[in-house]
Amino acid sequence: RLLDTPDPATGMRPAFAIVADKATNARQTGQMGGLIVLVRGVKVALLLAIDVVRAALSEVGEATLAPGSGKNLALHLVATLVGGKSLKLGVAAVQEQLTAYGFDGQYMGAGEGNNSGLNVAGHMALMLGMRSEFTLATWDAAHMIELAVADGRKVLPFWAELAKSVSGVQSQYLFGKGFDRLFLAAAREMHKVTTDEVNSLRAAQLAAAPAATPA
């Protein structure tokens, strides 16, 4: 409803920027998507989805896009906006309201100076029938600060030790790390169950086998 309500000053629905980031743990790619919306001059952040991004499949079930590819990440974000995954905005509404993207450097494309990047904004523009030059894709400040902190760790040993201690505590509360631990624990449990079942079957087969008759 917030995104459909026209601004009293402009008579238009509020503009928004989409922000996203991904993490890959235990061969599972997860992506967070959210919006920053301007409501009566105030920036409001909305978390839309935190999901595992699956490989896109063809009609015969073959993987056509890797989970971490730029096209697949863009497809996931478009589904978040218009596919009913979190929102079900019309494509025309997204064309009108989507004005900017906030990503890290890996998501950028040649238009933002990263020729080997994933070009997520460019792929989204094509999928939505938009012209990418009419929107702004920016390398968000949070990731730039993170890179500066990483550089600081390399030259300041005491900072590196402090950051390591803080990260050890923080990792207990990060979604990506938590999902990674949960996924690995489930995989180990499934393996254990399978092994136990096989061992039980083998024991039953041995018990049912006729005893060997001495020659």
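Tutor: We start with pockets. A pocket is an open set of grid points with protein on both sides within 12 Å along at least five of seven lines. Keep in mind that this is a predicted model.

Student: How much space lies in the second largest pocket?

Tutor: About 160 Å³.

Student: Which residues line the second largest pocket?

Tutor: The lining is V19, A20, D21, M32, L35, I36, A45, L46, L47, G102, D140 and H143. By type, the lining divides into eight nonpolar residues, two polar and two charged.

Student: Let us step back to the whole chain. How many helices and strands does the chain have?

Tutor: Six helices and seven strands. Along the sequence they run β-β-β-β-β-α-α-β-α-β-α-α-α.

Student: What share of the residues is buried?

Tutor: Buried means under 20% relative accessible area. In this chain, 29% of the 215 residues are buried. The chain exposes about 14000 Å², and carbon and sulfur atoms supply 61% of that area.

Student: What share of the contacts links residues 24 or more positions apart?

Tutor: Take the contacts with a separation of 6 or more. Residues 24 or more positions apart account for 51% of them.

Student: Is α3 mostly covered or mostly open?

Tutor: Mostly covered: seven of the nine residues in α3 are buried. They are V120, A121, G122, H123, M124, A125 and L128.

Student: What should I look for at the two ends of α3?

Tutor: Look at the phi angles. Most residues other than glycine have a negative phi. N119 is not a glycine, yet its phi is positive, about 55°. N119 lies in the loop between β6 and α3. After α3 comes G129, with a positive phi near 70°.

Student: Is N72 buried or exposed?

Tutor: N72 is in helix α1. N72 counts as buried because its relative accessible area is 4%.

Student: How far apart are N72 and V120 in sequence and in space?

Tutor: In sequence, they are 48 residues apart. In space, their C-alpha atoms are 8.7 Å apart.

Student: One last residue. Is Q97 buried or exposed?

Tutor: Q97 lies in helix α2, residues 91-97. Its relative accessible area is 0%, so Q97 is buried.

Student: Which residues does Q97 touch, not counting those up to four places away?

Tutor: Q97 touches L3, R13, P14, A15 and F16.

Note on methods
Residues are numbered from 1 along each chain as its sequence is written. This is a predicted model: local features need pLDDT of at least 70, side-chain atom pairs count only at pLDDT 80 or more; totals for chains, interfaces and linings use all residues. Side-chain values use heavy atoms; hydrogens and water are left out. Helices (H or I, at least four residues) and strands (E, at least two) are DSSP runs, numbered from the N terminus. Buried means under 20% relative accessible area, exposed over 50%, partly exposed in between (1.4 Å probe, protein chains only). Contact means heavy atoms within 4.5 Å. Accessible areas come from the Shrake-Rupley method with a 1.4 Å probe; for residues, only the protein chains shown count as cover. On a 1 Å grid over the protein atoms alone, a cavity is a set of points where a 1.4 Å probe fits but cannot get out, and a pocket is an open set with protein on both sides within 12 Å along at least five of seven lines; lining residues have an atom within 4 Å of a point. Grid points are joined across faces, edges and corners, and a volume is the space filled by probe spheres set on the points. Ala, Val, Leu, Ile, Met, Phe, Trp, Tyr, Cys and Pro count as nonpolar, Asp, Glu, Lys and Arg as charged, and the others, Gly among them, as polar.
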